[in-house]
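The sequence and structure come first.

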Amino acid sequence: MKKILFAVAASAAVLATSSAFAAPDDAGTSYIGLGVVGSHYKFDVPNTTTSSDRSGDKATGKIYAGYNIDKTWAIEGGYTDFGKKGYDYTVGTGAGHIQTDAYSYYLAGKGSFAVNEQISLFGKLGVARNHNAVSTTGIASVSGSDNKSALYGSIGAEYAVNKNVKVSLEYENYGKNNIDVGRKNGAITAGLRYNF
């Protein structure tokens, strides 16, 4: 994940040499973007005797789009694929495996505050539709596939490379899943977007 974040930052640095000034987004314009999402996983299987770590991190992807109502307010929607993550465990002499496959859709209002001509802070608030499919082998009893709507929120900062290109770093909270195994609520996202 560090290599991917470094690649996004390096790309932004190269693009930054093309312009020293970037105006705020114009009203009535739209944007599309891609993001690298770092999320945390945790597997709580009771009474396990496994010595391996029950938690970990995973880098996945996100695609999003938005519409700028004016220089401060926008509407944004996106799809985040959290991917699959698994955990092998033992209980006594019995072995098993638990795996999750998660993704989310979200729709949110976005408010931005310009710090200077290139940097702005933003927050997003809306709703996420979370999906978390859990499958197990062995003796674990947690399984199922379910969808849940939850409150979505985000805070972050954007850097305007030029009038059309912006890079961002944000913390997103997608809310809980019905099955609380695997992906946790929060994620850190590095984004690159194009305004048109």
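## Cavity lining and one tyrosine

At least two residues of the lining of the largest cavity come from each of strand 2 (55-68), strand 5 (119-137), strand 7 (165-173) and strand 8 (182-195), where strands are DSSP runs (E, at least two residues) numbered from the N terminus. The model is predicted, so local features need pLDDT of at least 70 and side-chain atom pairs count only at pLDDT 80 or more, while totals for chains, interfaces and linings use all residues. Residues are numbered from 1 along each chain as its sequence is written, and side-chain values use heavy atoms, with hydrogens and water left out.

A cavity is a set of points, on a 1 Å grid over the protein atoms alone, where a 1.4 Å probe fits but cannot get out, and its lining residues have an atom within 4 Å of a point. The count gives one cavity of 30 Å³ or more, and the largest cavity holds about 70 Å³, a volume being the space filled by probe spheres set on grid points joined across faces, edges and corners. Among its lining residues are K62, Y64, F122 and R193, and strand 8 gives the most, with three residues.

| Lining class | Residues |
|---|---|
| Nonpolar (Ala, Val, Leu, Ile, Met, Phe, Trp, Tyr, Cys, Pro) | two residues |
| Polar (the others, Gly among them) | three residues |

Y105 belongs to strand 4 (residues 94-114).

How values were computed: 1 Å grid on protein atoms, 1.4 Å probe; cavity = no way out; pocket = protein on both sides within 12 Å on 5 of 7 lines; lining within 4 Å. Helix = DSSP H or I, 4+ residues; strand = E, 2+ residues; numbered from the N terminus.
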